[in-house]
Amino acid sequence: MREIMIVTRENLINLILASLLLAVPFAADAFGQPFYITLATRIAILALAATGLNLALGLGGLVSFGHAAFFGIGGYVAGILAAHAFSGDPLVFGLPGSKQMWVIWIVALILSGLVGLAIGAISLRTSGVYFIMITLAFAQMVYYFAISWPAYGGEDGLSILVRNQFPGVNTMRPLTFFLICYVILLLALALFALIRASRFGTALQAARQNEVRVATVGIQPYRIRLTGFAISAAVTGLAGALFADLNRFVSPSMLSWHMSGELIVLIILGGTGRLFGPLAGAALYVIFEYALGGLTERWQFFLGLILLVVVLFARGGLLGLLAGKARHG
Amino acid sequence: MLLDVTRIEAFYGASQALFGVDLAVAEGEAVALMGRNGMGKTTTIRAICNLNPPRAGGVKIGGTDTKGKRPHHVAKLGIGLVPEGRRCFPNLTVHENLVAAARPGQWTLERVNELFPRLSERHAQMARSLSGGEQQMLAIGRALMTNPRLLILDEATEGLAPVIRQDIWKAIRRLKAEGLSILVVDKTLSELLPVADRCVILENGRSAWSGRPTDLTTELQDRYLGV
């Protein structure tokens, strides 16, 4: 906890990033430009998804190429629960669907966490390239399952007719929905900081640095990593549920390997293992997508160039460039 | 016996490194594991910790057979390993290195800091920025924080400045006086022998001699330990 409190350059930059993300939608609202609120909401949700991945990748060194599975599962939880609430058909065991966001969030957290536990239980028996490939394989399984499941839209996806509700507020108002996502992002960042400073987080980082050394002090690396992976999956799943509500649409594209790659790119752009790395990365990514996407359809070519420059010359990502080397390298 | 190693054989791939090592450490005893380079000291320690499990023979810790147990289980049986080469977690702070593996017992952060005051001065520093001697103190401190029944030190003071060596030996003597069981490997006989209750010498992967330090004559030293 100690280092969280100290005013360092990194904390200052984090504060600026958080304030900017909060300020933009208010300004956009004042000037009647709701599009920019949606853009900021997208940044917040992608940052949340990447914060989940950052737990596994940044702290645990687990290069999961399958986090789209959890993102998509969260999305489908929102879509499916809303669809059943709308049609009135019971879901399973006679349970109804729900239009309440908090119900959807809890289900998304639990379900993606459990799937993360199952995928992690098998994948974490491997390491290195095999781990990357096996997480990818699991995500592709979920992807093809979604495509071939006609009850919930198959390849066409599933629309959410009216954005799900949250007690006491009007979620259809872009600024309100942004604030919901923003608060959840801040909570997830607080969770990340707490975990990083905890004994569990320390052991997770130690296991990344040297598995054998961790075992000789009596810590089972597998169990620590599995716990980290499941928490990571749950957070990314929650982001998926919000993403579905943002677009009012879920499709298998949320589950595709492009999405997994995008989350890894966000983290590398922002700074791996840094608290605000995912937010910095998501902001850069969405801004590039918007600015370059307006100029050319092949904006991802330029994103590739930028990524190349980051990997070659600024390995700490945007935060590494602005705030110096990570304390936890 | 706290540690009972009987006729273990260990391999690196196809090549055999240990051909039958016997070793025992009683509660509260300090045993020096000796031998020239390449005779199997580190391999024996790795076999005890199941990092390189023996293919024949047996290891018992506090009466429990370690056969088939994973390294973290062996550690939990009460083995605190200070590996060769002062291996800390370089990208964690001193404090984090110590608390990461802590298990409840008489060794607490306060006591480790009191044993090695230099560590408490550097508690927020990254382990990679410590000097070699400080890293060794940290490695010992980390092992103590797991509250082991047996502390194993592989090359306790190798490559350290003489002043630092004195600090490390002082700490080892204190740990012994407090009744901790210790298995120690080191080349400085002048420091090692006064600490040890018993010596075990390995030659070519076998236990070649075992006895009290006072019985380790110059002749034996020349025969087994001379270069």
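**Chain B in the predicted complex: interface, sheet and domains**

In this predicted model, 17 residues of chain A are in contact with 21 residues of chain B. Two helices of chain B, helix H2 (71–76) and helix H3 (94–100), each supply at least two residues of the side of chain B that touches chain A. H2(B) gives the largest share of that side, with four residues. Sorted by class, the residues of the side of chain B that touches chain A are twelve nonpolar, six charged and three polar.

The complex receives an ipTM of 0.80 and a pTM of 0.88 from the predictor. For chain B the average pLDDT is 93, and 100% of the residues score at least 70.

The domain assignment divides chain B into domain 1 (3–78 + 149–225) and domain 2 (89–148). Between the C-alpha centres of domain 1 and domain 2 of chain B the distance is 23 Å. Twelve residues from domain 1 of chain B and nine residues from domain 2 of chain B make up the contact. On the side of domain 1 of chain B that touches domain 2 of chain B, E7 and H7 of chain B each supply at least two residues. The largest share of this side comes from H7(B), which gives four residues. By class, that side of domain 1 of chain B holds eight nonpolar, two polar and two charged residues.

Attention now turns to the sheet. Six strands of chain B form an open sheet with mixed pairing, in the order E6-E7-E8-E3-E9-E10. At its edges are strand E6 (79–82) and strand E10 (206–211) of chain B, each of which pairs on one side only. On average, with direction ignored, neighbouring strands of this sheet are turned by 20° against each other. Within the sheet, strand E3 (residues 30–34) and strand E8 (residues 181–184) of chain B pair in the parallel sense over three bridges. In E8(B), B:Leu183 stands opposite B:Val31.

Helices also meet these strands. Helix H7 (residues 162–177) of chain B packs on the sheet and touches E3, E7 and E8 of chain B. The direction of H7(B) makes about 145° with that of E8(B). Helix H6 (residues 132–145) of chain B lies across E6 and strand E7 (150–153) of chain B, and H6(B) runs at about 170° to E6(B).

B:Cys199 has its place in strand E9 (residues 198–203) of chain B. B:Cys199 counts as buried because 23 C-beta neighbours lie inside 10 Å. Apart from neighbours within four places in sequence, the contacts of B:Cys199 are B:Ala32, B:Met34, B:Ser210, B:Gly211, B:Pro213 and B:Leu216. B:Ser120, by contrast, is 79 residues from B:Cys199 in sequence and 34 Å from B:Cys199 in space, C-alpha to C-alpha.

A further pair of strands in chain B forms a hairpin. Strand E1 (residues 3–12) and strand E2 (residues 15–25) of chain B pair in the antiparallel sense over eight bridges. B:Ile8 has B:Val21 in E2(B) as its bridge partner. Two residues lie between the strands of the hairpin of E1(B) and E2(B), where B:Gly13 takes a positive phi near 65°.

How values were computed: Residues are numbered from 1 along each chain as its sequence is written. Chains are lettered from A and ligands numbered from 1 in the order in which they are written. This is a predicted model: local features need pLDDT of at least 70, side-chain atom pairs count only at pLDDT 80 or more; totals for chains, interfaces and linings use all residues. Two residues are in contact if their C-beta atoms, placed from the backbone, lie within 7 Å. Ala, Val, Leu, Ile, Met, Phe, Trp, Tyr, Cys and Pro count as nonpolar, Asp, Glu, Lys and Arg as charged, and the others, Gly among them, as polar. pLDDT is the predictor's confidence in each residue, from 0 to 100. Two strands pair if DSSP finds at least two bridges between them. Axes are lines fitted to C-alpha atoms, for helices over the stretch in contact, and angles run from 0 to 180 degrees between N-to-C directions. A residue is buried if 20 or more other C-beta atoms lie within 10 Å of its own, exposed if 12 or fewer, and partly exposed in between; C-beta atoms are placed from the backbone. Domain bounds come from an automatic or database domain assignment.
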